[in-house]
Protein chains: 2
Amino acid sequence: MELLKQKIRSEGIVLSERVLKVDAFLNHQIDPRLMQQIGQEFARRFRDAGVTKIVTLEASGIAPAVMTGLELGVPVIFARKHQSLTMTDNLLTASVYSFTKQVESTIAIAANHLSATDRVLVIDDFLANGKAAKGLLSIIVQAGATVVGLGIVIEKSFQSGRRELEETGLRIESLARIASLENGQVQFLE
Amino acid sequence: MELLKQKIRSEGIVLSERVLKVDAFLNHQIDPRLMQQIGQEFARRFRDAGVTKIVTLEASGIAPAVMTGLELGVPVIFARKHQSLTMTDNLLTASVYSFTKQVESTIAIAANHLSATDRVLVIDDFLANGKAAKGLLSIIVQAGATVVGLGIVIEKSFQSGRRELEETGLRIESLARIASLENGQVQFLE
């Protein structure tokens with residue numbers, strides 16, 4: 001997705017060989033028009049997959065997921081990392097380690113929002129080692145639902161997440177694939 | 001906003017005289033079409049306020065805030081409750097107590113995303129005692145920016161938040177105002 005790559009080139013900040021900061025338009029400040037275009041692109045790619053629900057992870061996945069849900073006309077569920085008094089239902093959970101926060105957390109979805117007939121598209125902001133995606137997939141499998149694919153805004157293709165997930169047969173669509181962050185430069189995979 | 005009230009009546013669950021659960025369409029599962037309509041309604045009410053930025057709080061504020069930002073054509077910043085390796089900038093912070101999570105947390109916005117010329121609309125999912133809103137307002141004031149108003153999806157009008165905030169001269173627009181949750185019933189303020 002060329003517009004997204006341009007945005008990464010102009011506003012992304014390479015913090016290290018593994019960390020790209022996109023707080024200017026995705027992870028802290030959000031560009032709503034870009035999110036709309038991202039939602040339209042995910043919808044285009046997964047239009048024929050029979051998606052009935054979108055699942056994402058709070059907080060940075062919510063904006064692209066909701067825009068995709070709007071385009072596809074389906075509800076969005078965001079898995080919670082931090083539980084609330086109002087989460088009184090049976091919970092489906094998974095344990096996920098966050099590299100950028102350096103904490104292990106339990107992510108949860110209320111069981112009543114997913115059913116065995118659901119065809120679920122998972123959307124997330126980043127794919128690196130795949131830990132968050134694997135946690136979400138585990139929850140969807142626990143619900144007996146079908147995963148139709150994974151939509152990623154920015155993939156760090158030099159980390160192992162995509163390869164490990166593709167080995168399970170999962171369809172992955174990433175809108176920007178980064179080959180390297182070496183020497184402070186973003187190199188995209190062509 | 002009649003559509004929102006209908007959704008609260010049909011899918012909201014009264015957990016106690018103070019807690020309304022709207023996990024079916026706002027706080028866990030999200031109805032993207034309703035969020036779009038909420039965004040359009042906030043945009044209509046604040047169209048003439050000269051808004052340059054929207055500020056909200058992760059995670060449940062993000063969907064209505066991004067839809068409002070899309071309508072008004074302005075960026076959205078979500079204050080973070082949980083800090084990340086990529087938040088390396090100078091941070092503006094405030095301390096906020098969450099009643100539904102029963103924890104005190106520090107919320108933060110990177111200083112470089114707000115400037116003294118910004119005219120900020122604050123959007124949040126709930127207004128109860130006003131603690132989250134006051135934290136966000138404190139951060140915006142620290143940045144030297146102007147707060148033009150507060151847009152709330154669901155106001156619990158029987159709690160003190162609105163009154164306390166209005167005493168400071170703040171303009172508040174709430175799309176659904178709840179007078180009472182007594183006897184397991186949602187009573188709206190007319």
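How far apart are A:K7 and A:E11 in helix α1 of chain A? They are four residues apart, which puts about one helical turn between them, and their side chains meet in a salt bridge. This is a predicted model, so please read every value below as computed from it.

**Salt bridges**

- Across all chains, the whole structure holds 26 salt bridges.
- Side chains of opposite charge can pair when their charged atoms come close.
- A:K7 is buried, at a relative accessible area of 18%, whereas A:E11 is partly exposed, at 31%.
- A:E155 and A:R162 form another salt bridge, with their closest N and O atoms 2.5 Å apart.
- A:E155 is buried, with a relative accessible area of 1%, and A:R162 is buried too, with 14%.
- Over in chain B, B:R162 pairs with B:E155 in a salt bridge whose closest N and O atoms are 2.5 Å apart.
- Here B:R162 is buried at 14% relative accessible area, and B:E155 counts as buried at 1%.
- There is also a network: A:E41, A:R44, A:R45, A:R171 and A:E173 are joined into one by salt bridges that share partners.

**Where chain A meets chain B**

- The contact draws 47 residues from chain A and 47 residues from chain B.
- About 3800 Å² of area is buried between chain A and chain B, and carbon and sulfur atoms give 63% of that.
- How many salt bridges are there between chain A and chain B? The count is zero.
- Polar contacts between the two chains do occur, with 14 residue pairs counted, both residues being at pLDDT 80 or more.
- On the side of chain A that touches chain B, the elements supplying at least two residues each are β2 (20–21), β3 (29–30), α2 (32–46), α3 (62–72), β5 (76–79) and β7 (103–110) of chain A.
- The largest share of that side, six residues, comes from α3(A).
- Sorted by class, the side of chain A that touches chain B has 25 nonpolar, 14 polar and eight charged residues.

**The nonpolar core**

- In soluble globular proteins, nonpolar side chains tend to be buried together.
- The largest nonpolar core here has 80 residues, and A:L4 and B:L4 touch the most other members.
- Setting aside neighbours within four places in sequence, A:L4 is in contact with A:F25, A:L34, A:I38, A:V153, A:L175 and A:A176.

**A closer look at A:A79**

- A:A79 sits in strand β5 of chain A.
- Is A:A79 buried or exposed? A:A79 counts as buried, at 0% relative accessibility.
- Not counting residues up to four places away in sequence, A:A79 touches A:T56, A:L57, A:E58, A:I107, A:A108, A:I109, A:L136 and, from chain B, B:H28.
- A:A79 and A:A94 are 15 residues apart in sequence, and their C-alpha atoms are 9.9 Å apart in space.

Definitions and conventions:
Residues are numbered from 1 along each chain as its sequence is written. Chains are lettered from A and ligands numbered from 1 in the order in which they are written. This is a predicted model: local features need pLDDT of at least 70, side-chain atom pairs count only at pLDDT 80 or more; totals for chains, interfaces and linings use all residues. Side-chain values use heavy atoms; hydrogens and water are left out. A nonpolar core is a set of buried Ala, Val, Leu, Ile, Met, Phe, Trp, Tyr and Cys residues joined through side-chain atoms within 4.5 Å. Buried means under 20% relative accessible area, exposed over 50%, partly exposed in between (1.4 Å probe, protein chains only). Contact means heavy atoms within 4.5 Å. Buried area is the accessible area (1.4 Å probe) that two parts lose on being put together, summed over both. A salt bridge is a side-chain nitrogen of Lys or Arg within 4 Å of a carboxyl oxygen of Asp or Glu. A polar contact is a pair of N or O atoms within 3.5 Å; within protein, one must be able to donate a hydrogen and the other to accept it, and residues adjacent in sequence count only if both atoms are side-chain atoms. Ala, Val, Leu, Ile, Met, Phe, Trp, Tyr, Cys and Pro count as nonpolar, Asp, Glu, Lys and Arg as charged, and the others, Gly among them, as polar.
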